Amino acid sequence: MNQEKIDRINFLARKSKTAQGLTAEEASEQAALRRAYIDAYKLSLRQHLESIVVQDEKGERRKLRPKS
């Protein structure tokens, strides 16, 4: 997600709190931008977690696995 999109999310959030509010088109744009931001954040977090390596008492290194 680039900085322009984040700035637009913030602008729409500030505008929604004013007496003017958002138009229907702006509200749908805000929802789409928020969804894209959340998806990008989740992907970044997942990639970070998948890159973590744990070393056990024996010195063996292994990647983290999801709990079942």
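Author: What follows describes the salt bridges, and then the helix packing around them.

The model is predicted, so local features need pLDDT of at least 70 and side-chain atom pairs count only at pLDDT 80 or more, while totals for chains, interfaces and linings use all residues. Residues are numbered from 1 along each chain as its sequence is written, and side-chain values use heavy atoms, with hydrogens and water left out.

A salt bridge is taken to be a side-chain nitrogen of Lys or Arg within 4 Å of a carboxyl oxygen of Asp or Glu. Three salt bridges are counted by this rule.

One of them joins R8 to E29, with 3.0 Å between the closest N and O atoms. R8 belongs to helix α1 (residues 3–16) and E29 to helix α2 (residues 24–50), so this pair ties together parts that are 21 residues apart in sequence. Helices here are DSSP runs (H or I, at least four residues), numbered from the N terminus. For accessibility, buried means under 20% relative accessible area, exposed means over 50%, and partly exposed lies in between, computed with a 1.4 Å probe on protein chains only. R8 is partly exposed at a relative accessible area of 28%, and E29 is likewise partly exposed, with 29% relative accessibility.

A further salt bridge links K15 and E26, whose closest N and O atoms are 2.8 Å apart. Since K15 lies in helix α1 and E26 in helix α2, the pair ties together parts that are eleven residues apart in sequence. Both partners are buried in this case: K15 has a relative accessible area of 14%, and E26 has a relative accessibility of 14%.

The surroundings of these two residues can be described through contacts, where contact means heavy atoms within 4.5 Å. Apart from its neighbours within four places in sequence, K15 is in contact with Q20, G21, L22 and E26. With residues up to four places away in sequence not counted, E26 touches R8, L12, K15 and G21. The C-alpha atoms of E26 and L12 are separated by 7.4 Å, although the two residues are 14 residues apart along the chain.

The salt bridge between D39 and R35 has an N to O distance of 3.5 Å. D39 and R35 are four residues apart in helix α2, and are therefore separated by about one helical turn. D39 is partly exposed, with a relative accessible area of 41%, and R35 is also partly exposed, at 42% relative accessibility.

The helix that holds this pair can be checked for its span. The expected span of a helix is 1.5 Å times one less than its number of residues. For the 27 residues of α2 this gives 39 Å, which agrees with the 39 Å between its end C-alpha atoms.

The buried residues of α2 pack against α1. E26, Q30 and L33 are buried in α2. Q30 has a relative accessibility of 9% and so counts as buried. Leaving aside neighbours within four places in sequence, Q30 is in contact with L12, A13, S16 and L22.

Two packed helices are described by the angle between their axes and the distance between the axes. In this model, the axes of α1 and α2 come within 10 Å and cross at roughly 135 degrees. Axes are lines fitted to C-alpha atoms, for helices over the stretch in contact, and angles run from 0 to 180 degrees between N-to-C directions. The two helices are therefore oblique to each other, given that angles under 35 degrees count as roughly parallel, over 145 as roughly antiparallel, 65 to 115 as roughly perpendicular and the rest as oblique. The contact is made by K5, I6, R8, I9, L12, A13, K15 and S16 of α1 and by E26, E29, Q30, L33, R34 and Y37 of α2.

The loop between α1 and α2 contains A19. A19 is exposed, with a relative accessible area of 89%. From A19 to R46, 27 residues apart in sequence, the C-alpha to C-alpha separation is 39 Å.
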